[in-house]
Amino acid sequence: MHSDFKVGSQITDIPSNRNQRRLAVLLALFISALSVAALPFGAKTLPSFEPFLLILISWFIFGDLLTAFILFSQFRASGVPSLLVISCTYLYIGIITALHILTFPGVFSEEGMLGANNQSAGWLWIFWHGGFPAGILIYLYVGIRYPQPLESKKDISFYTAIGLFLTFLSAFLSFEFATDGADHMPQIIDVGSYRSILDLGIGPVLGGLNLLVMVLVLLRFRTRSVLHLWIAIALLALFLDTLLTVFAGTRYSLGWYLARVNSVISATVVLCSAVSEVNRLFIRLSDQHKQLLESGRKLEKANEELLRLSSLDGLTEIPNRRRLDEIISWELVFPEERQTPLSLLILDVDCFKAYNDHYGHLGGDHVLKKIARTISAEVKPNFGFAARYGGEEFAVLLSGLDVQGTFAVAERIRTAVERLEIMHAGSASGGKVTISIGGHCLAPFQGVDQDELIYLADQCLYEAKDAGRNCCIIKGWSRESGGMRSVGS
């Protein structure tokens, strides 16, 4: 089980664990050390590999747009306004990155597409590296200023429309500035060189902005949540990207290639963390689903056992009076559909009080258990239903037998108990435990209620006791006569 995993109400609530913080620190140290070590050699020209930029930018676009989608889905689910801001930030960066590669000279055309000039890709790069920390700043402000989630779907849809409109408007204005407006601004790209970005102070401002926002994120959230931990790493990677780019000075240099690697890290760490948390959540839900199924099986088994126990007599372990009443009710509810005779036997242990007085209650319990097993065994061949009626009384329900057949079963039960040879010093029947049986047989389709059937069987039991006990008196329907008949031993 993944007991260390905690689920938040939204992605900003998911706490980071020790392993995640350790990985983030190691990644931060690695990219920082690698970037700083490469600075003295950053201007070293390497072989140009033109598909490299296209491949990376494609990945940036994919990563930014997918991250925007995941965060936007979280906003739709939770209504937290700051999540809309950060999803729009990633959407903006994805759009700007796409425009950057389309206007980049030598990728799709010599001068760049969409009416670009030789400065357009550079300015879009600036909007890319400055837009992300600016969006995170707005995210921090909105999170503090508007911490409560939106409650209605109407409000969520309204602010979604505003957020998307402002995002696309910002991307459009940035593109317009990078194309038509760049002619009125200082040149930042000179024959593939980025030196002017450093000389004009734009590079240090971009780098400082990323570092400043990274510090603010760490101060605001420290490393408590997964999302903010990796946003801080993304800002650090973007800062190192800016640092290497402006100090390398030219495309396809060592610093330029390493800067692109940092760009990849910046664009994917938040996405990877979100996907990882979704995967961890799936594992957690899968484990919980298995537990739920197992709990369901155990509960079902426990309910079956409870139902079984509620229908059994605790001493004799045969069905109890409650179960007997249910069976009789089912048999009598639609007499017009009952095409076979139905018989009820009530059996009483003779002189049982005297047995208890002489042998004790434990001895009496032992006798009841033996008699219960004997009754069940004798009625089983006739598919009869045996139950403990109460105290020393038992009941048997038989179907398909007329009064003679019912008497034959009753007599087998009586003689089987007698053959147990259980000594009974207080018995008037030869010093052995015996039983008396009274029963009544209903004709097919005969309609009586439960109380009446029990009363008729009881009356026969009283007659059996009056006749000297250890005998059977059965009355009711006979196949031969089609009428009532009494049979006794």
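**Exercise 1. The H4–H8 pair**

Task: The crossing of H4 and H8 is left-handed. Which residues make the contact, and how do the two helices run relative to each other?

Solution. 
Step 1. The model is a predicted one. Start with the contact list.
Step 2. H4 supplies Trp125, Trp128, His129, Phe132, Pro133, Ile136 and Tyr139. H8 answers with Leu227, His228, Ile231, Ala234, Leu235, Leu238, Asp241, Thr242 and Thr245.
Step 3. Sort these residues by class. Eleven are nonpolar, four are polar and one is charged.
Step 4. Take the geometry. The two axes come within 11 Å and cross at roughly 155°. An angle over 145 degrees counts as roughly antiparallel, so H4 is roughly antiparallel to H8.

**Exercise 2. The H3–H5 pair**

Task: Find how H3 runs relative to H5, and give the classes of the residues in their contact.

Solution. 
Step 1. H3 and H5 pack at about 30°, and their axes are 10 Å apart.
Step 2. Angles under 35 degrees count as roughly parallel. H3 is therefore roughly parallel to H5.
Step 3. The handedness of this crossing is right-handed.
Step 4. List the H3 side: Leu84, Cys88, Leu91, Tyr92, Ile95, Ile96, Leu99 and Thr103. The H5 side holds Tyr159, Thr160, Gly163, Leu164, Thr167, Phe168, Ser170, Ala171, Ser174 and Phe175.
Step 5. The classes are twelve nonpolar and six polar, with no charged residues.

**Exercise 3. The H1–H8 pair**

Task: Determine the relative direction of H1 and H8, then name the residues that meet.

Solution. 
Step 1. The axes of H1 and H8 come within 10 Å and cross at roughly 5°.
Step 2. That angle makes H1 roughly parallel to H8.
Step 3. From H1 come Gln20, Arg21, Leu23, Ala24, Leu27, Ala28, Ile31, Ser32, Ser35 and Ala38. From H8 come Val226, Leu229, Trp230, Ile233, Leu236, Ala237, Leu240 and Leu244.
Step 4. This contact has 14 nonpolar residues, three polar and one charged.

**Exercise 4. The cores**

Task: Which residues have the most contacts inside the largest nonpolar core, and which element gives the largest share of this core?

Solution. 
Step 1. The largest nonpolar core has 76 residues. Ile136 and Val217 have the most contacts inside it.
Step 2. Collect the elements that give two or more residues: H1 (18-38), H2 (50-78), H3 (81-103), H4 (120-145), H5 (153-179), H7 (202-221), H8 (226-248) and H9 (254-311).
Step 3. H8 gives the largest share, 16 residues.
Step 4. Look around Ile136. Leaving out residues up to four places away in sequence, Ile136 touches Ile86, Thr89, Val213, Val217, Ile231 and Leu235.

**Exercise 5. Positive phi**

Task: Where do Glu317 and Phe445 lie, and what is the phi value of Glu317 and of Phe445?

Solution. 
Step 1. Glu317 is in the loop between H9 and H10 (321-332). Phi there is near 65°, positive in a residue other than glycine.
Step 2. Glu317 has a relative accessible area of 62%, so Glu317 is exposed.
Step 3. Phe445 is in the loop between strand E4 (435-442) and helix H13 (450-466). Phi of Phe445 is near 70°, a positive value in a residue other than glycine.
Step 4. Phe445 counts as partly exposed because its relative accessibility is 46%.

**Exercise 6. Cys460**

Task: How far apart in space are Cys460 and Cys472, C-alpha to C-alpha?

Solution. 
Step 1. Cys460 is part of helix H13. At 2% relative accessibility, Cys460 counts as buried.
Step 2. Cys472 is twelve residues from Cys460 in sequence. The C-alpha atoms are 8.3 Å apart.
Step 3. Not counting residues up to four places away in sequence, Cys460 touches Gly438, Gly439, Ile473 and Lys475.

Definitions and conventions: Residues numbered from 1 in each chain as written. Predicted model: local features only at pLDDT ≥ 70, side-chain atom pairs only at ≥ 80, totals over all residues. Heavy atoms only, no water. Core = buried A, V, L, I, M, F, W, Y, C linked by side-chain atoms within 4.5 Å. Buried < 20%, exposed > 50% of the residue type's maximum accessible area, 1.4 Å probe, protein only. Helix = DSSP H or I, 4+ residues; strand = E, 2+ residues; numbered from the N terminus. Contact = heavy atoms within 4.5 Å. Axes fitted to C-alpha atoms, helices over the stretch in contact; angles between N-to-C directions. Parallel < 35°, antiparallel > 145°, perpendicular 65-115°, else oblique. Left-handed = near helix turned anticlockwise from the far one by under 90°. Nonpolar A, V, L, I, M, F, W, Y, C, P; charged D, E, K, R; others polar.
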